[in-house]
Amino acid sequence: MLTTVSSGSAALGTSATVPAVSAPTRLRLPDLLNTTDRAADAVLSGRYDRLLRDLPEDERWYTRLDGNDELDVWLISWVPDRSTELHDHGGSLGALTVVSGALTETRWDGEALRHRRLSAGSQAAFPLGWVHDVVRAPGPVIGPTLSVHAYSPPLTAMSYYEVTQQNTLRRSRTELTDAPEG
Ligand SMILES: [Fe+2]
């Protein structure tokens, strides 16, 4: 989508056309939601059963299902009590679809931490600046807890955050990485 922005004097007829981008990618959050939805269907259809045969029971596990210059897609297996940390996704947009089991997302909304449960079939989208933590939802489950995640551009860096005693968000560090936290 292009947005025309007028600048200077209209009488002079000066104007500039600038792209209305939210990230350095042509993809948008609905594209990523659609991508994770289709990948979740592929997981449920058994396409990746070979990868899921020997999932570790006490370690978070992930593998890249697809990737190119503008998008990468990950399958993550979640285990109990393996919190990530509050993090962003650097300059990438992101989305997830829960394949099986349930996740709990804790998100900083600018003033407080908000929690929501994402059960099988639920989706979530992460615009730029989205700071959250994702864990396996508490409670007994039958079978693995799986989710599919997509990022565009592919992840290259993430920052980590902590909530201060003044109830503000403090960025504690930034790491170069191409592996998802969730
Ligand atoms: Fe995340």
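Leaving aside neighbours within four places in sequence, Pro-180 makes contact with Tyr-62, Trp-74, Ile-76, His-149 and Leu-155. The model examined here is predicted. His-89 stands 91 residues from Pro-180 along the chain, yet the two C-alpha atoms are separated by 8.5 Å.

We may turn next to the interior. In soluble globular proteins, nonpolar side chains tend to be buried together. Here the largest nonpolar core has 25 residues, and the members that touch the most others are Val-43, Leu-75 and Val-148. At least two residues of this core come from each of helix H1 (29–44), strands S4 (72–78), S5 (93–100) and S8 (123–126), and S10. With residues up to four places away in sequence not counted, Val-43 touches Tyr-48, Leu-75, Val-99, Leu-146 and Val-148.

Two features of the backbone also deserve a look. Most residues other than glycine have a negative phi, and most peptide bonds are trans. The bond joining Ser-152 to Pro-153, however, is cis, with omega near -15°; Pro-153 belongs to the loop that links strand S10 (145–152) and strand S11 (157–163). Asn-167, a residue other than glycine, has a positive phi, near 60°. This asparagine sits in the loop between S11 and strand S12 (169–176). Asn-167 counts as exposed, since it has 9 C-beta neighbours inside 10 Å and the cut-off for exposure is 12 or fewer.

Methods: Residues are numbered from 1 along each chain as its sequence is written. This is a predicted model: local features need pLDDT of at least 70, side-chain atom pairs count only at pLDDT 80 or more; totals for chains, interfaces and linings use all residues. Helices (H or I, at least four residues) and strands (E, at least two) are DSSP runs, numbered from the N terminus. A residue is buried if 20 or more other C-beta atoms lie within 10 Å of its own, exposed if 12 or fewer, and partly exposed in between; C-beta atoms are placed from the backbone. A nonpolar core is a set of buried Ala, Val, Leu, Ile, Met, Phe, Trp, Tyr and Cys residues joined through C-beta atoms within 7 Å. Two residues are in contact if their C-beta atoms, placed from the backbone, lie within 7 Å.
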